[in-house]
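Let's go through this model by asking what backs up each label.

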Amino acid sequence: MGIEAAAVELAGVNIHLGRGAARVHVLRDIDLRIKSREAVGLVGPSGSGKSTLLMVLAGLERPDSGSVLIEGHDLAKLDEDRLARFRGARIGIVFQSFHLIPTMTALENVAMPLELQGAPDAFARAAQELASVGLADRHVHYPAQLSGGEQQRVALARAIAADPAILVADEPTGNLDDATGTAIIDLIFDLKRARGTTLVLVTHDPLLAARCDRVVRMRSGRIEPAEADVILPAAQ
Amino acid sequence: MSIAIGRAGRPIESQWPLLLRLAIRDLRGGISGFGIFIGCIFLGVWAITAVSALSHSLSDGLAREGRTILGGDVSFARSHTPLSDEERSFFTARGALSGVAIMRAIARHNDQTSLIEIKAVDGRYPAAGAVVLSPVLPLQDALGVHDGIAGMVADQTLSARLDIKVGDRIEIGASSFELRALLTSEPDKLAGGIGFGPRVILSQDALRASGLLQPGALVRWSNRVTVTPERGSVIASDRDITRLIEDANAAFPNAGWEVRTRTNISPQFSRNVDRLTQFLVLIGLTSLIVGGSGIASAVRGFVERKRTAIAIMRALGASGSYAFAAMLTEILCIASLGIAAGALAGAVMPFIVAGLFGTLIPFPLTAALYPQAIAGGIVYGLLVTLSFALGPLGRVHDISVSGLFRDEVEPQRSRLRWNYRLLTAAAALALISTALATSPNLRLALIYIGATLGSFVILRLLAGSLIAVLRRLPRPRGLTLRLALLEIHRPGTLAPSILLSLGLGLALLVTLAMIDANLRQQIEQQIPGTTPSFFFLDVRAADASSFQDYLKAHAPQGLVETAPLLRGRIVKVGDQRAEDVHPKDNAAWVLEGDRGITFASKVPDGSSLTEGTWWPVDYSGPPLVSLDEEIADGLGLKAGDALGVNVLGREITARIANLRRVNWRTLGINFVLVFSPNTFAGAPYTTLVTLAFRPGNTSAEENAILRSTARDYPAITSIKVKDVLDAVSNIISQLAIAIRAASSVALIAAILVLAGAIAAGQRARAYDAVVLKTLGATRRRLLVAMLVEYTVLGAVAALFGLIAGAAAAYVIVTRIMNFDFAWVWGQSLAAASLALIFALLLGLIGTWRVLGVEPAKMLRSL
């Protein structure tokens, strides 16, 4: 483990949210190291801080203290715009609520991160990504014309379009029915395996967590002791 | 809430107390989100109330000071001839008589000359109020003869123009005068109308001695009577005054005087005040209407925020109409805050203006509360609120309870129910009717309403077409442009709101800029060689020929024109007495006071006949007259009708031989009334002479003519056209300040609406920005995209503003002001560009805040 490069390295991360009496210590002294190509499931009760932790390692939230290194890059040293560019190129994000842009077609949504990087073949690659999630025939559809499962597939295609090193997913099946959810999870793990991506997955579902290489449990803003981490042999 | 809502089926009118209670209970939570709403209403109501209150305050002030301004209870004025002994005895038997003679002349000192407005007074002047002099001394002392030299007092302006001080001697006509004091104020200044030169007061004896009062000289005798009141009264009653006028008219039916009373000093001034008031009220109304789109979007936002509360209300048994009534009550409660604040702030304007600027403005203002003005502001405020709020509020009716059970991602938009459409239409109709009913000029009000409605419809169509076209256009390959255009045609786009507020605001700005530029152009545009540089008045008929030769010798390049000039009043129109005629607005001035009258054997230059024929050169039959066609139309006259004038105390009835179209813009010699020469055979008259220089003359040449004429023909009054135009331009500038002040209120309203629209769209924008940022978009790229978006919207609004503004200005200038129209773009383009840049900056400031939203915060709240 020591010689292998870490995809994610968090040390002493603390985050407070809110103000005055409503101020909450959401993340407390988080130390976390995730190896490249590892699949990690973040589990824990509501309010335990797992989504906030996900946002920190996706560079969407800056910690009050501590350091966040993604592929060796210290996110604290990147200004807002450089961080946005870094995120666009190296981190793919899948949200529970999909967060597609409603005024853009499926193809335009997927092409967006590629276009932002100036890729000349953005639309051709976006079409390939849509095909890879089984939506080759839905290019011109707007989000409102797609089912929940289809919207999440588009979101997944968008997240991996730029070929990121790390894919983070925040309860990606939370808004989907069981069958659709399972299909999406299968797709996520297939893509992860095919592209050698590091995966960090927030979930409430123990079965889903069990498909990861490692499960990190959170409670009250802390990671529960390391011995509790379950190291699973290739569970999938 | 359940208590009331259960009582479905009862008429809503009987439940207003409960609705009001519910509204107030809900409002305890604060009125956040209503800043723009209240601001828009406040501004409009304030502008309308303030303009109306100031106008009332001015009318009141004039009425209160009427006796002082007029110089008595009633004045009998006419040109050329002073009162006869018989007339004088008649008036002195009924009150105290004080007369002043007013005429223009030239004052000279060393080599300097200046046009002056002489007021020659008798020993009883001023009958009311006081003349204030510096140094302080009684007026009659200042005007007296000391060491054989008569005294005079003059405006400070004259001392500056002629470089004179108290004690110096000045030549007027054939006499020398000593300047004994400077004039600080004269009580009856307003009754004198617009003066083109500084005021000089001297005694009537001195005026007679100056040789200026030759036969036919343009002098106006104003005889003021302070009527002896009935026993027991301090001042004469209106009845006493009316009786005096009736008696005077009966005793001297052909006197030809113009009668003014203390309550009716200057109908023309009052009409101008009314017109300006109407114009400013309409601009105030524009600010309310521009603010209307802000009102509508605030109410839409309110309904969205209240969706859950309304659904709960419906779940507890409230009908759709009841929910609507509840929300309407709440909106009216909030609107009443803005209306009350606006009406109050407008109502106190007379106090503020009179208190702060009372001594600076030349009009008497009465500081008082004017209920009509306040009521007007409140009515307009309420009607505009209802016109713009009823539609969005009607959506409340169809908010379904099912929304409580599942998230409605995209709430169904059904068509607004017909009853709410009708209610909205009724409110709009009431608004239009109020604007029409309270307008002294129906035509202007109709044009205004047409333009406003038209602008709304066009801007709506424009926004709809822009959105439709962009939606259908192939998506641009460039990401930034695509992002910008997407924002314009996305669902819930700001385009209609932005186009409406910016478009209307810019249109108003361009209209005013173009009217202003056109008026100035009318004044400044002199046609060299045609437009005279000088008018010479009081040239005796006997001197006319030699004076022409004199001018030709001194200005060999100049073009000299002459026309006989008398002054008289129209006393009969067709078969009716002039006072019984109700002329159209554009012709009313002809019946007020004296008009210049001439006679000619040929059609004057600059005129063309439109009806009838001109008389033969040697015509010697009954009197004939040629009339300006527009005035004839305004008075309801045609060729063949009779027209009576009183000239030099003689009433002459002439038949209208023809109508003429007159090109007034050249400023050449032209008259509304041109008689056949035999009409005034033997009457004393003077000649009006004009001198137009060839192109390229200099100011020095003009001044040389002015000096030499004053020296060689002291009785002739030279009026430099440029000085007159400067005076008129000055008045227009002062009016423009009032108009700009009123329109700036409309522009502030437009900016408020724009800010409101941007604020309303911020959540959707922030969402897109955050998602794009998570995908790697930089702030710069997002900012550029938004800049492109605002530029496209701004450019469309500017295009509309320029076209609609220019069209409105064209109609106003050509149809209402009856001038030629010139497409003067410079000022309009500058105004539009500045407003546009300002709007873009405002948008970008709002956008910058969106860009600053932290993704995590936004994502957490979604």
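Q: What makes the group of residues around Leu57(A) and Leu499(B) a nonpolar core?
A: A nonpolar core is a set of buried Ala, Val, Leu, Ile, Met, Phe, Trp, Tyr and Cys residues joined through C-beta atoms within 7 Å. The largest such set here has 225 residues, and Leu57(A) and Leu499(B) have the most contacts inside it. Helix α3 (residues 35–64) of chain B gives the most to this core, 17 residues. A second, separate core has 107 residues, including Met103(B) and Val689(B).

This is a predicted model, so to speak of local features takes pLDDT of at least 70 and side-chain atom pairs count only at pLDDT 80 or more, while totals for chains, interfaces and linings use all residues. Residues are numbered from 1 along each chain as its sequence is written, with chains lettered from A and ligands numbered from 1 in the order in which they are written.

Q: Which residues is Leu57(A) in contact with, leaving aside neighbours within four places in sequence?
A: Contact means that C-beta atoms, placed from the backbone, lie within 7 Å. By that rule Leu57(A) touches Val8(A), Leu10(A), Val68(A), Ile70(A), Val168(A) and Val200(A).

Q: Why is strand β7 (residues 166–170) of chain A called mostly covered?
A: Buried means 20 or more other C-beta atoms within 10 Å of a residue's own (exposed is 12 or fewer, partly exposed in between). In β7(A), 5 of 5 residues are buried. Ile166(A), Val168(A) and Asp170(A) point one way, and Leu167(A) and Ala169(A) the other.

Q: How do you know that β7(A) pairs with strand β8 (residues 198–202) of chain A?
A: Pairing takes at least two bridges found by DSSP. These parallel strands have 5 bridges, so they qualify. In β8(A), Thr198(A) is the bridge partner of Ile166(A). The chain gets from β7(A) to β8(A) through helix α6 (residues 178–195) of chain A, in a right-handed β-α-β crossover. That label means that, with the strands pointing away from you, the path from the first strand over the helix to the second runs clockwise.

Q: What about strand β6 (residues 91–94) of chain A and β7(A)?
A: They pair in the parallel sense too, over 4 bridges, and Gly92(A) has Leu167(A) as its partner in β7(A).

Q: How many residues of chain B are in contact with chain A?
A: 18 residues of chain B are in contact with 22 of chain A.

Q: Where does pLDDT stay under 50 in chain B?
A: pLDDT is the predictor's confidence in each residue, from 0 to 100. Residues 1–8 of chain B stay under 50, and so do residues 406–411. Chain B averages 83.

Methods
Two residues are in contact if their C-beta atoms, placed from the backbone, lie within 7 Å. Helices (H or I, at least four residues) and strands (E, at least two) are DSSP runs, numbered from the N terminus.
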